[in-house]
Amino acid sequence: MNSEAQGQPVVLIDGLTRSFGTSTAVDGVSFSVNAGEIRGLCGHNGAGKSTVIKMLTGQLQPDSGTITVDGEIVRLRNPHAAQRAGIAVVDQELSVIPALNVAENLRLGDVSAGFFPGRGARGIQRQLLDDLGLADVRLDERVTDLNLGQRQLVEIARALSRNARLLILDEPTATLSDSEAQLVFRAIRRVAARGCAIIFVSHRLREVLELCDSVTVLRDARLVGTASSAELTVSQLIVQMLGEAPHRPARTAGAALDERSPLSVTDLRVPGSVSGFTLEAVPGVVYGIAGQVGSGASDVLRAIAGLHPGSRGAIGLAGSSLTRNDPTSRLGSGIMYVSNDRKGEGLFLEKTVGENLTSTRLPHLSRAGFVGLNRERQQRRLLAGLTGIPDARIGEAVSGFSGGNQQKVFIARTLDRPDARVLLIDEPTRGVDIGGRAAIHELLRSAAASGMIVIFASTELEELIELGDVILTMKDGHVVRRHDGDIRGDELMRDMTHDEDARR
Amino acid sequence: MTARQLVSPERIVVAIVVVVVVIVCATTPQFLTLNNTKAILASTSVVGMAALGLTFITIVGSVVSLATAQSMAVVAMVFLAAQSWGLVPAMLISLVVGVVIGGIQGLAVGYWSINPVVLTIVTAFALTGLATLVSGGTTVNASGDGFKGLNATPGGIPLSVFVFAALALASQIVLQFSIKGRQIYLVGENRLAATSAGLPVARVVVFAWAAFGLLSSVGAMFLAAFNTSATINVGGSLTFDAIAAVLTGGTSIAGGRGSAIRTVIGVLAISIISDVLLLRGFSTGAQIAVKGVLILVFVVVVQVRAGRVAR
Amino acid sequence: MTRWRGRLRVETVLPGVSLVVTLVAFVVAAAAIGRSISPYDGYNALQGFAQLGLLALPLGLTMIAGEFDLSVAGVYALAGMLTVQFGQQQPLLGVGVAVVTGALVGAFQGGLIARFRLPSMPVTIASYIILLGVTSFISGGLTKTYTNADATAFVDQPVLTLFSPRSLITLALFVAIGLILSFSRLGSELRAIGGDRRAARASGVRTDGLLVGLFTASGALAAVGGSLLSISYSSANPDPGIQPLVLAVVAALIGGVSLAGGRGSAWGLLVGAVVVALLSQIVIFATLPGYVTQLVFAGFLLIVIAVDAPGVRRRVAAYVDARQLRGTRE
């Protein structure tokens, strides 16, 4: 492991706090990372990891607390400032540009590069790529021709080439195979040996313990602690991340209401993402698909909703097969879809709550092509009641509401409709606070109880356990296991993060 | 409304424009006469009908059409040429031609997501070529007398004004209360969200473009009746006038917002400004330039305001 | 399969194939009419290239960056008018005024677009209208005559049989821009902001500065083109119509640029402009009536934008994906 010889903290965060509206995402978190140290940062979704990272990369400003780099307090106003402060990042959201070739991506946005790229640069770039196992990728190859894993490696190479003081990697191995991950680790260790501090965020706990010198755990916006990885096991790490083993609150599990009208999905395939998903879902039971980024869970829902015209496989509802593969026909068949991006692909932000609520059921409220205003008003009040939004605020633009309320509006759009048979919902409580979560889970429970087939996808362990009667874990595009009855959090976590021995 | 919203920079700009316009109008000698008012109303209605149609496609997210003048010219030519079959048949044929021209563009934009502005550049060019091909480059004269009925002036006010008012009312009702109308706003605001929600996006886009074709055809018929003959250039600066009218009314060029009422206000504003400029002896070039400045000002103002609200 | 597809990229194949096809068509058309090809045809084609090149280049560059500068047609017209207005005695003064004006117009637009995060199309449409109006205003709606016969003779005199100072200047500008984009960071940054604006910004590219510079250059280039044209024609026309724009867009799309942005180079644009110039030549010496030209080019433009349309590409991709899946089933 790396020596403590340098000992000087490269980065020190002190009392970092950040809230969004009424929910606190990060609460007084303080830790430091030394030069040459590889620090793992763990915590399940919602613990505050990504918010801390965003503050370190200049994408968000802290409400209070300071960030110190090499002894000097820095204000990271934007990504450019963070780069100048010596912080390089491999973000969860890929920012390699497909239109450019590999060499251009490596150079892109480098604050220290000149107007004309030097000749010597090519040699360094070649070396970087070879070290990461991309020996057969040409420097002039277009990134569009690379697969997801290779793109990830190019993005990592770019960060490595920046001569940074602090290198942050957020889920860098999500789309990589074991061997590719090993190459990445070797490169990271080399960079650390040069005195760079590393923060490594990952759900793959075995990898975290293998690579990192120490691990910092966050839970519910607070710091749990930092410990040397030599003293930790995966199980202990899981316990720290979850606190007490989560137990399901006493409630009646959903009972199958009508076995005769299931949604049957057989061998669903989405090119590049899902390879053979099969499920027979009945009304009354809440099904959860558990999988991290890149597992294919989202794409399963999208494909059923008709948003993947290139997908293949047989989908049938109540006995009749759904042959037309487009969102309008699927909606017509009673399949409601709630995406994981309510702002970009969900709500109509400038429209009012009322308009959003009735936006997808206008034909049901109309006669001869014209909307019946009274019926619409009644329906809006009814649906708003489900969301807990007061009547007086139905006429306000939905952009002015909290994430939780927005999400409730998004979901309420699909509720209380005689034509709705299936509810597909991706990340039901993303960006929603505790109170909102409970309300949303209640909405979904009652939807199932009223005869709908409810299938949700989530990366949050607590939500999966609380909400799901049956859980299918997914990894790398295929189903790992089906969990019925008594579901244990650590088992799910293991399925989602543990590398299978048998690979495709 | 908060005090901040009341005195926002955007409102100040609009207020300045309004004040300037009012002052200029008041100080223009022939402005406040009856004849002048009639002249304003007459020119308003043709631009108005084109602008009403344009409103539909702007709200649905297709930005603008750069082929308005040519489309209307073609319909005008068809209208006059078909007069020998009677006024009503000629009107029906013209409406069909207009709807087809609009509808075909709508199909391309709705089903293929073709860039709408560039598509209308193609349309303008193609229609110009087509018209020359069919008419042999000569002026199209009326083949009958029926069209003169359109030039009637019930109560001293041109018939076209009444028709414009009726169409404006109908457009407002369709946009605000019909299923397709509501869906036009949704698709215009966020096409991705609309698709994901299962809305019939392509059909909605075709509807909007067909409406554009229909409304501008009515305008084209009055245009033909007024000019009594037509070439491909009879549309004049209608393309820019319609754009100016829609945007000055406050409809957002990004789509998803606006209304027929706003367009009516914009049409009146543009007509008044054009009239004042004409009375004051501004050349055609200057008039066009002023309209362009107005468009630019309103594009910026409306976009900035939308950006501020969303944040 | 991916490797093979990768090497045959649209932005190299399309211009190349189009050029070959057009040259063949040129020869065939000449033979069909029974006239032999002379160097004069080459000269004429290059003159046509000079006419539309400095519209296609700036428009194409803005398209690469994911924008669309419709105002280039307006700057082109205004530049011509300003050159005639101010360059009667001193042609260079006229050209200078025109280029500075073009650059300022571009800088202003670029500033608005960058500062207020506006989409470029509505802004440039508005500018186009303003510029046409101002152009018409200057000449009172009439065509203005340029009396400096020496300057007119100079710009079009044959150089090395095939070229003229006008086409050489145009060519030089293409080459200069091409070299700058190929060998500096500007080339990849331009494609980056066109390909994925968000990712480019997140990577540290100075998108705002780049946009202002881009539109400034666009205005200046269009101004040079319009200037030279009015000197050559000895007149400035206040209403060039929509044809120049159509030809410029066709040239850009044939040159491998996409309306979606992120793809293309100055070299592709060069080839695209030459192709369109050759096509225009074919139409001219086939002495087809004007409206046929219009319909032919409208048809071309329709085909290229249909092929470029996202909806079409999506359907093709879905079809290919489905075929792939069916293949791997066994």
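User: Among contacts in chain A between residues at least 6 apart in sequence, what percentage join residues at least 24 apart?
Analyst: The model is a predicted one. The contacts considered here are those in chain A between residues at least 6 apart in sequence. Of these, the share that joins residues at least 24 apart is 67%.

User: How many helices and strands does chain A have, and what is its radius of gyration?
Analyst: The secondary structure of chain A consists of 16 helices and 22 strands. For 504 residues the globule rule gives 23 Å, and the value for chain A is close to this, so the chain is as compact as a globular protein of that length. The radius of gyration of chain A is 24 Å.

User: What are the spans of the C-alpha trace of chain A along its principal axes, and what percentage of its residues are buried?
Analyst: Along the principal axes, the C-alpha trace of chain A spans about 75 × 50 × 45 Å. A residue counts as buried when its relative accessible area is under 20%. Of the 504 residues in chain A, the buried share is 55%.

User: What part of the accessible surface of chain A belongs to carbon and sulfur atoms, and how far apart are the mean positions of its positive and negative charges?
Analyst: The accessible surface of chain A is about 20300 Å², and carbon and sulfur atoms account for 49% of it. Chain A carries 57 positive and 61 negative charges.

User: Is helix α9 of chain A largely enclosed or largely open, and which residue follows it?
Analyst: Helix α9 of chain A covers residues 297-304, and seven of its eight residues are buried, so the helix is largely enclosed by the rest of the structure. The buried residues are A297(A), D299(A), V300(A), L301(A), R302(A), A303(A) and I304(A). After α9(A) comes a residue with a positive phi, near 90°, namely G306(A).

User: How many disulfides does the structure hold, and which cysteine sulfur is nearest to that of C42(A)?
Analyst: A disulfide is a covalent bond between the sulfur atoms of two cysteines. Over all chains, the structure holds zero disulfides. C42(A) is accordingly in no disulfide, and at 7.2 Å the nearest cysteine sulfur is that of C212(A).

User: Is C196(A) buried or exposed, and how far away is the nearest cysteine sulfur?
Analyst: C196(A) is in no disulfide. With a relative accessibility of 4%, C196(A) counts as buried. The nearest cysteine sulfur belongs to C212(A), at a distance of 13 Å.

User: Where is D267(A) found, and what is its phi?
Analyst: D267(A) is found in strand β11 of chain A, which covers residues 263-270. Its relative accessible area is 29%, so D267(A) is partly exposed. Although D267(A) is a residue other than glycine, its phi is positive, near 50°.

User: Where does S113(B) lie, and is it buried or exposed?
Analyst: S113(B) lies in the loop between α5 (87-112) and α6 (116-135) of chain B. S113(B) is not a glycine, yet it has a positive phi of about 55°. Since its relative accessibility is 17%, S113(B) counts as buried.

User: How many helices and strands does chain C have, and what is its radius of gyration?
Analyst: Chain C has 15 helices and two strands. A compact globule with 330 residues would have a radius of gyration near 20 Å, and the value for chain C agrees with this. The radius of gyration of chain C is 21 Å.

User: What part of the accessible surface of chain C belongs to carbon and sulfur atoms?
Analyst: Buried residues make up 54% of the 330 residues in chain C. The accessible surface of the chain comes to about 13500 Å². The part belonging to carbon and sulfur atoms is 68%.

User: In which helix is P122(C), and with which residues is it in contact, leaving aside its neighbours within four places in sequence?
Analyst: P122(C) is in helix α6 of chain C, residues 120-139. Its relative accessible area is 4%, so P122(C) is buried. Leaving aside its neighbours within four places in sequence, P122(C) is in contact with I253(B) and V299(B).

Terms used: Residues are numbered from 1 along each chain as its sequence is written. Chains are lettered from A and ligands numbered from 1 in the order in which they are written. This is a predicted model: local features need pLDDT of at least 70, side-chain atom pairs count only at pLDDT 80 or more; totals for chains, interfaces and linings use all residues. Side-chain values use heavy atoms; hydrogens and water are left out. Helices (H or I, at least four residues) and strands (E, at least two) are DSSP runs, numbered from the N terminus. The radius of gyration is taken over C-alpha atoms; the globule rule is 2.2 Å times the number of residues to the power 0.38. Buried means under 20% relative accessible area, exposed over 50%, partly exposed in between (1.4 Å probe, protein chains only). Contact means heavy atoms within 4.5 Å. Accessible areas come from the Shrake-Rupley method with a 1.4 Å probe; for residues, only the protein chains shown count as cover. Lys and Arg count as positive and Asp and Glu as negative; His and the chain ends are not counted. The place of a charge is taken as NZ of Lys, CZ of Arg, CG of Asp or CD of Glu. A disulfide is a pair of cysteine sulfur atoms within 2.5 Å.
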